[in-house]
Amino acid sequence: MSTEIENLKTYDPFAEADEDSGKTKQTQEYIHIRIQQRNGRKTLTTVQGIPSKFDHKKILKVIKKEFACNGTIISDTEMGEVIQLQGDQRTKIKEFLTDKENGLGLDDKTIKVHGF
C-alpha cells in the first residue's frame, strides 16, 4: 500500500506568491524595510536587499545626514548587508529609495514595508 505524505514536501513559507501564476518565487529581488522595537519607545529601522551595485556606505552617509539619525551597516551571511537606522524611518526611506532626482530611483513595486 503506497501512501504519500503531502506534509513532507518542501515549501518556503517566506517566498512571495507570484500574482499571475500563483507559484512561489524567492524574495531576493525585493527590498524589505522593517521596524523593530527596542526598549520603551525606541525603535530601529532595518533596510535589507538594496542591490549590490549601490555603495551601501555612501547611501548610509546620505541617509544619516538627510534624516538626522544615526545608523550602521550590519553584515549578515544569510541576508547580506543590512542598513540599520535609529527611529521609525520607514516612510522616509521608501521615499528616498523611489525618488529619481535625489534618491536611488528604484521601482516602487520592489519595496516592501513591514511593521506595526
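Predicted model: local features only at pLDDT ≥ 70, side-chain atom pairs only at ≥ 80, totals over all residues.

**Helix H1 and its surroundings**

Author: Helix H1 is followed by Ala 68, a residue whose phi is positive, near 55°.

H1 covers residues 56-67. Five names describe its inward side: His 56, Ile 59, Leu 60, Ile 63 and Phe 67 are buried. Around the axis these residues cover an arc of only 100°, which puts them on the same side of H1. In general, an α-helix has 3.6 residues a turn, so residues three or four places apart point the same way. The other side of H1 carries Lys 57, Lys 58, Lys 61 and Lys 65, which are exposed.

What lies over the buried side? The cover of the buried residues of H1 includes strand E5 (71-76), E6 and H2.

Arg 90, Ile 93, Phe 96 and Leu 97 are the buried residues in H2. Viewed down the axis of H2, they fall within an arc of 130°, so they line one face of the helix. Thr 91 and Glu 95 are exposed on the face of H2 turned away from that buried side. H1 is among the elements that cover the buried residues of H2, together with E3, strand E4 (43-48), E6 and strand E7 (111-113).

The largest nonpolar core has 17 residues, and within it Ile 50, Ile 93 and Leu 97 have the most contacts. H1 supplies the largest share, 4 residues. In soluble globular proteins, nonpolar side chains tend to be buried together. Ile 50 links several of these elements: apart from neighbours within four places in sequence, its contacts are Ile 31, His 56, Ile 59, Ile 83 and Leu 97. Of these, His 56 and Ile 59 are buried residues of H1, while Leu 97 is a buried residue of H2.

The strands complete the picture. All 6 of the 6 residues of E4 are buried, so this strand is largely enclosed by the rest of the structure. Both of its faces are covered, with Thr 43, Thr 45 and Val 47 buried on one side and Leu 44, Thr 46 and Gln 48 buried on the other. E4 runs antiparallel to E3, to which 6 bridges join it, and antiparallel to E6, with 5 bridges. Leu 44 has Gln 86 in E6 as its bridge partner. E3 and E4 form a hairpin with 5 residues between them, and Gly 40 in the turn has a positive phi of about 70°.

His 32 lies in strand E3, residues 31-37, and its bridge partner in E4 is Gln 48. Its relative accessibility is 6%, under the 20% cut-off, and therefore His 32 counts as buried. The side chains of His 32 and His 114 are joined by a polar contact of 2.8 Å.

Definitions and conventions. Residues numbered from 1 in each chain as written. Heavy atoms only, no water. Helix = DSSP H or I, 4+ residues; strand = E, 2+ residues; numbered from the N terminus. Buried < 20%, exposed > 50% of the residue type's maximum accessible area, 1.4 Å probe, protein only. Polar contact = N/O pair within 3.5 Å; in protein donor to acceptor, adjacent residues only side chain to side chain. Core = buried A, V, L, I, M, F, W, Y, C linked by side-chain atoms within 4.5 Å. Contact = heavy atoms within 4.5 Å. Arc of directions from axis to C-beta. Pairing = 2+ DSSP bridges.
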